[in-house]
Amino acid sequence: MCAFVLLQKLKFRPALDRLIDVINLVFFGAVVATQINCTLGTLRLCVTGLVEWSEYWQVRWNWYLEDSLGVLIFTPLLLILYERKSRKNLQNTDKTTIGARILQVICLLSLVTVSFLVYTSKSNSNLSGYPLEYLPFPLVIWATIEFGQRGAVLASFIVSSIAIWGGSQGGGPFITKVLNINQAILFLQAFTSVIVVTSLLLATTVAERASAEKSLRQSEIKYRELVENANSIILKIDTEGNITFFNEFAQKFFGYDEEEILGKNAVGTIFPLTDTAGDNLTVMLDKILKKPEQYARNENESIRRNGDRVWVSWANKPLFDARGKFIGLLAIGTDITDRRWAEMQLVKLNDELEFRVEERTNPLNETLKALQYQQEQSERLLLNILPEEIANRLKRGDSTIADTFADVTVLFADIVGFTQLSARVSPTELVALLNEIFSTFDNLAERHGLEKIKTIGDAYMVVGGLPIARPDHAEAIAEMAIDMQEAIIDFSQTKNQHLSIRIGINTGPVVAGVIGIKKFIYDLWGDTVNTASRMESRLAGKHSRHSDNLSAIGGKVYI
């Protein structure tokens, strides 16, 4: 039971066709498991008084040898018989020829005859003095090699059985070589064990080798069938680029017989010297052979015997000898001529389509650029008329724009004496001067973050705090007023004209919005605007009595 459990865990196979199975059977079945029975059995005999305690180890040893020998002789025989019966149940195709039957009978008769003569001879016989115990060995080896594991088991069983029976009758070579019967039995057991173990190991080695050879032959047959019947180009190239193997499909594809192509360089036979693009294929093949790991796949132009150019996709695998030295390349090719031709036609068609599309879209692109330019011009013009926030609201579709701002600062400015100046200078000079002055004011408004509202004649209106609210709108308007005065002084000096400016500033709530559908403007309404305008106008009466610029400040503004 112990041996069964151990062997089952070791995945033991009863056929004994693996070396590991024979070793496990000998070690765990004959050496390890038998220790339990002989130990417990001898102990029981000593406890019951059937055997003296002084004889414990001797009895145990003899018991152990008998159990081990029984396992080695009978267990393989039972396993082989069981395995043969199982195989017959699975398939009944074991047909032995008459010649094999005759050979088996000859081997059996020879083995029985020789074993009987050797192991049953009496001590007074003429043959008993010779070392004949090893004479059956060649026959056991013959049965093992010829008939495999079953032959080894049966042969060792026959020899062991005859040797044991002969020894029990007082015959055999072991009786004449020892002093007593115990030593003869010990030699007989050792000899029998050697025969069984040797025959089992030899049979297993032969079986494994035969199985390996069979697998190798089957693999070679399958490989040959696969290679020869494959619908792919398969060839081998040595390190010099010479073809060493050319399968049948490759012969049909390129138009060469095997004897015509073997030994010739691939370039100049199946590869042209240069492809259509002008690439040197000799250089390409040399790169692949020098660094095959970098060229696991490649595509190149090939040539048939009749001169037709084809395209082949190659899957390359480097070949090495037993010492790991690179000896060549295995290349498997697939014809991709149709795919390559389709790709070339597709590229050509794409080029034509791109040309036609470009030809037709150029006028559209020019028109689009012109439209974009006009749109940018319109955007720029709109921003020159309206604040950016208001312009965005108009573009979003707001039809009515009117907002109330609780706290803004309005500035009105008027150039003093501009009407009298218009009588002294030409209209062109007058407009140019006014444009230069107001452009300077526009720059000042942008620098201070203020919003220019409009110009009326020589009057200029600017506001701080809208359309985006800011807390320092009054300070920004005051700073712009000071800068406007300084700018007018500079103009007076550079233009040699006596110019001055009146400024009115007021802070408070206003209503702002866009009015009109043509030439619309962004304008302000409310008392804050009116007050700032009146403050600027009140300075007109005082200006006749003072030559310097005056600023009237009202509301909540401080300058």
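A: Strand 6 and strand 8 (residues 459–464) pair in the antiparallel sense over six bridges; pairing requires that DSSP finds at least two bridges between two strands. Strands (E, at least two residues) and helices (H or I, at least four) are DSSP runs, numbered from the N terminus. This is a predicted model: local features need pLDDT of at least 70, and side-chain atom pairs count only at pLDDT 80 or more, whereas totals for chains, interfaces and linings use all residues. Residues are numbered from 1 along each chain as its sequence is written, and side-chain values use heavy atoms, without hydrogens and water.

Q: Which residue of strand 8 stands opposite phenylalanine 412?
A: That residue is methionine 461.

Q: And how many bridges join strand 6 to strand 9?
A: Strand 6 (residues 402–416) is joined to strand 9 (residues 500–515) by 13 bridges, and these two run antiparallel. Within strand 9, serine 500 is the residue opposite valine 416.

Q: Changing topic, where is asparagine 316, and is it buried or exposed?
A: Asparagine 316 lies in strand 4 (residues 309–320). Its relative accessible area is 10%, so it is buried (under 20%; exposed is over 50%, partly exposed in between, with a 1.4 Å probe and protein chains only).

Q: What does its side chain join in a polar contact?
A: The side chain of asparagine 316 joins that of asparagine 298 at 2.8 Å. A polar contact is a pair of N or O atoms within 3.5 Å; within protein, one must be able to donate a hydrogen and the other to accept it, and residues adjacent in sequence count only if both atoms are side-chain atoms.
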